[in-house]
Amino acid sequence: MKKKISVIIPVYNTTEFLEDCIQSITNQTYKNLEIIIINDGSSEECRKKLESLTVGDDRIQIVHLEKTMGVGAARNIGLSKATGDYVYFLDSDDYLPENILELLAKHIGKSKVISGKLKKVTVGMEELKTIKKVKLVKDKKLKFQHFKNMSVLNRLFKLSFIRKHNIKFAEDVRVYSDLEFLLPIYQKLGEIPMLNRAHYYKRKRNDPILNPALLQMNREEKVKDFLKIYNKLRSKEDNKKSANRYLDILFLNFFRKEIIMLFKEEGKIHKYFNQISKTAEKIDTKVLSNKHFILKKEIKHLRTGNEKKFTNVIKLHHMLRDTKKAITSKSNFYKFLYRKVFMKMPLQEKQIVFESFLGKNYSDSPKYMYEYMIDKNMDYKYIWIFNEPGKKIPGNAKQIKRFSLRYFYYLATSKYWVSNSRLPKYLDKREGNIYIQTWHGTPLKRLVFDMNDVHSANPNYKRDFYQQSRRWDYLVSANQYSSDIFRRAFLFDKQMLEVGYPRNDILYHPNKDEIAKKIKQKLNIPLDKKIILYAPTWRDDDFYEPGKYKFNLKLDLKQMKERLGDEYVVILRMHYFIADDIETTGVEDFAYNLSKYDDIAELYLISDILITDYSSVFFDYANLQRPILFYTYDLEKYRDTLRGFYIDMENDLPGPLLKTSEEVIETIVHIEEQKQAFKEKYDLFYEKFCKWDNGKASEKVVKEVFM
């Protein structure tokens, strides 16, 4: 009979990760397990999910705690209930290869503990692989390297050894409770074997704002916890020299990684100096022998309690660090100048920077706000940011190349920023700067903090979005529905401008028919043909690499030309994230690829029918009260896997859901019948989503912010 392994899993509100975690442990090839789950005061939703996933497996016992006690206490409770020969700890947001426990048990031999490796992942079980060809490594010199991560994860411990020495987790800290458990093991064992390819999948959570893992807690909380546990353990009289050295090196590593960065924030040195000074007195200065001279000076001034000298060295440290980074590339040098030079220059009170869709074009709400302001001869200096300056735009705005030196200069010195998408997170916002975020659509797909998992090229999407959106002073909303979602999904608590979208003003222009005719002539589109606009969204999971997206056109353009070409032409307008050009060979006189055309609102104005899918374009297009068709060939995947929707696609949309090119063509052939069939739904939709738009949004935003 194989020896029993007790697997201890603390759970605290990790509902969305539990299935991966529990499935990975119940599917282990090593079957002689007891699985002790400590529900650490989780929500009712998490509790129910936990119970539904563990039904029918008599190896599992669940201990429900009425209130949250922390991971250290939860693991100690698990240890008290363990009956196995070995104990293994698993976090409830992580998961395991199916043969990890078998490998650890096979190779532990007479050792008291054996370690594997941690592998950080950002996705679920699709990352899972069976471990092959492991190698057992035994080397006393590597002991510190094996333990410097301060984690008990992916280590198999002999339970009798743990109980003999009464080894427990700290319960008075949240973040570094493992350290109290690891220290006695570190000092009592000379050699700790390790399996070099035995990976444990450590999930990097994508929502460190609302649902952070312990190591994603804010820096100040981590510093307070580390200082507490270090001082507690360093003061133990029975510590061996090796244990104190281990703690001191951990402190120096933590100091350089976290404490130094905390001290970059205003007032933090003074707040924590005395506490860290007393902590530094415990350090054996021998561990500093091969360290950098600046670190030696910092520790010296801490130990002598000289706050002024310490502060000066910290400032020098950050200046050297920033300068070293600045000279690595032109981009980093410009960022350095932005923070250290340009932001110290006078703020230009009458200067406005405009940007639309990351500098790709002259369009959207920033365009219409700008044109309103120049039409009214308002006394401002205007800056437009483009990837390719030299566009023909009205007025005398200065055009600046994105990411050029002048880009950083004007953003640093302009009082106002107007943008419809996020500005880079490294652009610090100075006091007095006002940022108007116009956004770029009414949301159909779930946004940011309304999303559980993020199937995107950027695993830090939620964290980055949160940091970037803290700079917004105003956020423009097109309808009450959007306002409610923006407050929650963006965690936005500043002023909402509930006036409609400036970009929709053109759709209510008194001369819109004449404007439409001129646009058709400019684009060389026959005036005697009706226009179908196809404007699909991008797919979050369809990318080559971060920032490089792709799209496969599913419409059969040749078939459309055959059936509809006498009466219609098609305009193709792909999302700006999509990198590929769309192939129109053979249908050039029928299909116009205008994906790079600056202003989609002008394309709305000239089109007679819109075909879209999950793009927010139909909310804006509905202002024209013209037919909308929804080509949703991958509806189930998009709704259930990628993003999910805020509204009921099957019942609430002002047009039919179509799955094939043939259905799209047939619907257009009978478009008048479709208009009648959806008239009632369209009227309700217009009332809910379009009633704030009336052609005056630009005026209202400008008067509120600039006048």
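Me: How many helices and strands does the protein have, and what share of its residues count as buried?
Reply: This is a predicted model, and what is said here is computed from it. The protein has 27 helices and 23 strands, and its C-alpha trace spans about 90 × 65 × 45 Å along the principal axes. Among contacts with a separation of 6 or more, 74% are between residues 24 or more positions apart. Of the 707 residues of the protein, the share that count as buried is 57%.

Me: Is helix 3 largely enclosed or largely open, and what covers its buried residues?
Reply: Helix 3 covers residues 71-81, and nine of its 11 residues are buried, so helix 3 is largely enclosed by the rest of the structure. The buried residues are Val71, Gly72, Ala73, Ala74, Arg75, Asn76, Ile77, Gly78 and Leu79. What covers them includes strand 1 (5-11), strand 2 (33-40), strand 3 (60-65), strand 4 (86-89), helix 6 (159-164) and helix 7 (178-188).

Me: Which residue with a positive phi follows helix 4?
Reply: Helix 4 takes in residues 100-107, and Ile100, Leu101, Leu103, Leu104 and Ala105 are buried in it. The residue that follows this helix has a phi near 55 degrees, and its name is Gly109.

Me: Are helix 11 and helix 12 roughly parallel or roughly antiparallel, and what classes of residue make their contact?
Reply: Helix 11 (residues 293-304) and helix 12 (residues 307-326) pack with their axes 9 Å apart and at an angle of about 160 degrees. Because an angle over 145 degrees counts as roughly antiparallel, helix 11 is roughly antiparallel to helix 12, and their crossing is left-handed. Helix 11 contributes Ile294, Lys297, Glu298, His301 and Leu302 to the contact, while helix 12 contributes Lys309, Phe310, Val313, Ile314, Leu316, His317 and Leu320. By class, the residues of this contact are seven nonpolar, two polar and three charged.

Me: How do helix 14 and helix 27 lie to each other, and how do the residues of their contact divide by class?
Reply: The axes of helix 14 and helix 27 (residues 697-706) are 9 Å apart, and the two helices pack at an angle of about 75 degrees; they are therefore roughly perpendicular to each other. The contact is made by Tyr368, Met369, Tyr372 and Met373 on the side of helix 14, and by Ser698, Glu699, Val701, Val702, Lys703 and Phe706 on the side of helix 27. These residues divide into seven nonpolar, one polar and two charged.

Me: Asn377 has a positive phi although it is not a glycine; is it buried or exposed?
Reply: Asn377 is found in the loop between helix 14 (364-375) and strand 10 (381-386), and its phi is about 55 degrees. Its relative accessibility is 67%, and because a value over 50% counts as exposed, the word for Asn377 is exposed.

Me: Met150 also has a positive phi; is it buried or exposed?
Reply: Met150 is found in the loop between helix 5 (143-147) and strand 7 (155-158), and its phi is near 55 degrees in a residue other than glycine. With a relative accessible area of 16%, Met150 is buried.

Me: Which backbone oxygen does the side chain of Asn239 reach?
Reply: Asn239 has its place in the loop between helix 8 (219-234) and helix 9 (241-262), and it is buried, with a relative accessible area of 13%. Leaving aside neighbours within four places in sequence, Asn239 is in contact with Leu183, Gln187, Leu233, Arg234, Asn244 and Leu247. At 2.7 Å, its side chain reaches the backbone oxygen of Leu233.

Me: Where is Lys31 found, and which backbone oxygen does its side chain reach?
Reply: Lys31 is found in the loop between helix 1 (18-26) and strand 2, where it is partly exposed, with a relative accessible area of 49%. Apart from neighbours within four places in sequence, Lys31 is in contact with Thr26 and Arg59. Lys31 and Lys3 are 28 residues apart in sequence, and their C-alpha atoms are 10.0 Å apart in space. The side chain of Lys31 reaches, at 2.9 Å, the backbone oxygen of Gln28.

Terms used:
Residues numbered from 1 in each chain as written. Predicted model: local features only at pLDDT ≥ 70, side-chain atom pairs only at ≥ 80, totals over all residues. Heavy atoms only, no water. Helix = DSSP H or I, 4+ residues; strand = E, 2+ residues; numbered from the N terminus. Buried < 20%, exposed > 50% of the residue type's maximum accessible area, 1.4 Å probe, protein only. Polar contact = N/O pair within 3.5 Å; in protein donor to acceptor, adjacent residues only side chain to side chain. Contact = heavy atoms within 4.5 Å. Axes fitted to C-alpha atoms, helices over the stretch in contact; angles between N-to-C directions. Parallel < 35°, antiparallel > 145°, perpendicular 65-115°, else oblique. Left-handed = near helix turned anticlockwise from the far one by under 90°. Nonpolar A, V, L, I, M, F, W, Y, C, P; charged D, E, K, R; others polar.
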